[in-house]
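Q: I would like to learn how to read the inside of a protein model and the places where its parts meet. Could we go through it step by step?

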Amino acid sequence: MNENHHDNSTNEEQQFLAVRDLEKIHMRGETQVPALRGLSCAFEKGSFNFVLGPSGSGKSTLLYLLGALDDPSAGEVCFQGQSLDSLTEPQRDHYRREQVGFIFQSFNLLKTLNAVDNVLVPFLPQGISADLRQRAVDLLKQVGLEHRLEHHPHHLSGGEQQRVAIARALLKKPELVLADEPTGELDSESGAEVFRYLRQLHEEQQTTVIVVTHDERYLEKADRLLHLADGRLLREDVHNG
Amino acid sequence: MFRFALSNLLNRKARSTLALLGLTVAIAGMVGLFSIVEGLDRITEESFSRIPGILVMQTGAPIPLFSRLPAEWGEDLKKVEGVKIVCPEIWVRVNVLEGKMILNPPRFLLGVDVELWNALSHALYRDDLVEGRFLNNDDIGTRNVVLSESIQREMKLKLGESFSLNGEDATLVGVYETGSILIDVTIIMDIGSVREQARFDPTAVSAYYVEAVDDDLNEEVIEDIRDVFRGRKGDRWVPTSSVLSIEENPLETMIEGLDRWLKSASSASPPQLSEEPKSSSEPLDVSPAEDKIVTEDDLEIEERLQVDESIPIDVQTADTWGEKFGDFMSELDFIMFILTSIGMTIAALGVVNTMLMSVSERIIEIGILKANGWSKKHVLSLISYESGILGFGGGCLGCLFGWIATLIVNVSFPDRVELYASPQLLCFSLFFSIVLGLLAGLYPAIWAMRMMPMDAIRRG
C-alpha cells in the first residue's frame, strides 16, 4: 500500500496539475455544506479539459481551488509538483498573476476601465509599458475587437465582453486557463465564437485549458472530460466527437 | 494605479461628491476659523510695529483708555536719561457721532499735545496722513480733528466740514489711513480741547508716549523709568473703579496702603523690601513650620516681583504689548483647535463611510483584482489612492472656498474684522486634508485587503 502511494505521488509530481483528496466545506451560518468530498484527478500539460456535472456538483469550487482563489478544507492541489498550500502569499499572487488566466461566466470586467485597460488589469500595479499595451491591443484585435479598444464594458455586448476577458486571461501567456461557464450568459453564436478563440489560442500557445460547463455543445474530439457529482469525480473519459 | 483610482471615483459621482463636500466644508471651516486668529495676529503685528516708542500706562490697565496717571509725572519722565520727548495722551470713548450711538466698531477720541506730537521723529497718524493736514499749533484750543479714512467714509465727511462729536461740533482738517483696524478707530484732537469736552481730571492724563533719543535704547530707558518710579505711590488699575481711583482722597489712599504693607509684613512671607538684603553667605531664615525648601533664587525672584509690584506704571514698548496680545491669541488658537477637531471628526467619518460603501459595492471588483494577481498591498494602495484623492480634492476646494470666504468677509466688513489665511495655513490645511483622507480610507482598505478572492466573488 505504501509502495502504491509512493508510485501515485511520483506520478502526480510528474503531472502538470494534480489534485489529491480535495475537500471543501462551505459554511452557511453554522451549517457545513460540503462542496468537494475527497476528489482526486490530474491534468496533462497542453490538454483541453471539460469539467461537467449538474449544478452543485462542485465544478466551480474545484476551478477556484485550482486557481488558488480559495483554500481547500483538506487535500491539496499541486502545480508542476508544488503544493499550492505551501506557497507564500506573494507566491500565490504571482501564480495568479503570471501563470493562471481566469475567464468567468459573468465576464467580470471592471466597468470603469476601457477594453484595453481591462486586458491590462493584472499588470496595472506594476505599471504598463508600451510593449505590454501593444500586446493587449494585438490580443484584442486577435479576438476581433479592433474597433472596440476604447469602449467601456457597458458599451460592449456579452460576447464582446467575454472576448475581452479571454484577451485578459491570455495577455500573461498563462500556462493554465481556467474558464467558469464562459458561455453561460451568451447566445449560441457568441458562445461558439468564444470557444473558437479559446481553441485557437490553446493551439497557438499550447496552454492547458480547463472549462467548467454543463453545456456539452462545444465539446470536440479528444477533449478530456471529467464528470462530477456531489463533490466527487464520477468518471473521466475522452470525447469521441 | 492613480488613473484607475481616479476613474473609480469619477464613476461613482454621487458618493464621491458627498465625501468631497464633507471634506470641503470641514477644511473651509478650518481655514475660516484659523484665519480669524491669523488675522488678529497680523493686525496686532502690523499695529504695534507702527509704534516705535514706549508706552507708559497705569499698572494693570489693559489699554490707555482705562489708564490714569498723574499729569505731573510727565516732568519726571522727561528727566530720565535717554528720553527725548514725552507726549501726554488723553483717551476718551466716542459715544455719539452725528447723533448716532457708536457701539461697534468702537471709536476713540485721542487728545494729544500737538506741539510735542509734531516734534516726534516717528508719529503715528501724522505720518499716515492721506488727505488734508495734521494738527498744528493753530489747532491748539480748537475742536479741529484728524480722523481715519474709514471713519470719514462712514460719515461721508469732506475736509473743512463740521460734524457732531459726543454732542459738540468738531471740524475735519485731515485724514489718515494706517490700514489697521485696531488703529483706524481713533479721532485726534488737541489735548486741552479733549480735556475740556470730556471734563477729564485736569491733574491726570491717560498715558504717556515716550520717544527715546535712539530706538535702540528703548530697553535701557524702560529700566531707567522703572527705577525712577520704583516705590512711588500709585494705584493699580482695577476694573469698574478705574475712573474713581484718581479721585480718591490721597490721605485715605496712603492709610490704606500703609495698612496693606503692615499686614503683609507681619505675615510669614518672604523678606520684604524694608528688610536689609542678606548676603549670599548667610544662612537663609526659613520658618521651621514651612516644609518647602526656599532657595536663594526663589527669594530673589519673589523679591523682584515684590519690587515690580511697587511700580505704579507699566512701561513697555509696543512690541511687548503685542506679545501680551499674542498670549491671548494662543488661548484663542486652542478654542479654534477644538472647534476644528469637531468638524474634522465629522468629515473623517464621512470619508470612512464613503470608502466603506465604495468598497462594499465593489466586492466583486476586488475579487477580480485579486484573482488577477493583485496583492494585498496593491488593493490597499488602490483604496488609499482613492481616499487620498478625495482628501486632496476636498483640501483644495476647502482651501479655495475658505480663502474666498475670508476675502468676502474682509471686503464686506472692512472696519470690523480682518481675516487672513496665510499660505502656510492653506498648505497645512491641504496637507491635513490629505492625511485625514488617507487615515479615513485606511479601515476600508484593510477590510478589502483581507478578503479572499473567492469570498469576494461569491459575496458579490
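A: Let us begin with the idea of a nonpolar core, which is a set of buried Ala, Val, Leu, Ile, Met, Phe, Trp, Tyr and Cys residues joined through C-beta atoms within 7 Å. Please keep in mind that this is a predicted model.

Q: Which residues touch the most other members of the largest nonpolar core?

A: In soluble globular proteins, nonpolar side chains tend to be buried together. Here the largest nonpolar core holds 110 residues, and V119(A), L140(A), A167(A) and V31(B) touch the most other members. Helix 2 of chain B, residues 13–49, gives the most to this core, with 13 residues. Another core, of 58 residues, lies apart from it and includes V56(B) and I90(B).

Q: At what angle do helix 5 and helix 6 of chain A pack?

A: Helix 5 (residues 130–142) and helix 6 (residues 158–171) of chain A pack at about 135°, and their axes are 9 Å apart. Because of that angle, helix 5 of chain A is oblique to helix 6 of chain A. The contact is made by R135(A), A136(A), L139(A) and L140(A) from helix 5 of chain A, together with V164(A), A167(A), L170(A) and L171(A) from helix 6 of chain A. By class, these residues are seven nonpolar, no polar and one charged.

Q: How many residues of chain B are in contact with chain A?

A: On chain B, 18 residues are in contact with 19 residues of chain A. Helix 12 of chain B gives the largest share of the chain B side, five residues, and that side as a whole has 10 nonpolar, seven polar and one charged residues.

Definitions and conventions. Residues are numbered from 1 along each chain as its sequence is written. Chains are lettered from A and ligands numbered from 1 in the order in which they are written. This is a predicted model: local features need pLDDT of at least 70, side-chain atom pairs count only at pLDDT 80 or more; totals for chains, interfaces and linings use all residues. A residue is buried if 20 or more other C-beta atoms lie within 10 Å of its own, exposed if 12 or fewer, and partly exposed in between; C-beta atoms are placed from the backbone. Helices (H or I, at least four residues) and strands (E, at least two) are DSSP runs, numbered from the N terminus. Two residues are in contact if their C-beta atoms, placed from the backbone, lie within 7 Å. Ala, Val, Leu, Ile, Met, Phe, Trp, Tyr, Cys and Pro count as nonpolar, Asp, Glu, Lys and Arg as charged, and the others, Gly among them, as polar. Axes are lines fitted to C-alpha atoms, for helices over the stretch in contact, and angles run from 0 to 180 degrees between N-to-C directions. Angles under 35 degrees count as roughly parallel, over 145 as roughly antiparallel, 65 to 115 as roughly perpendicular and the rest as oblique.
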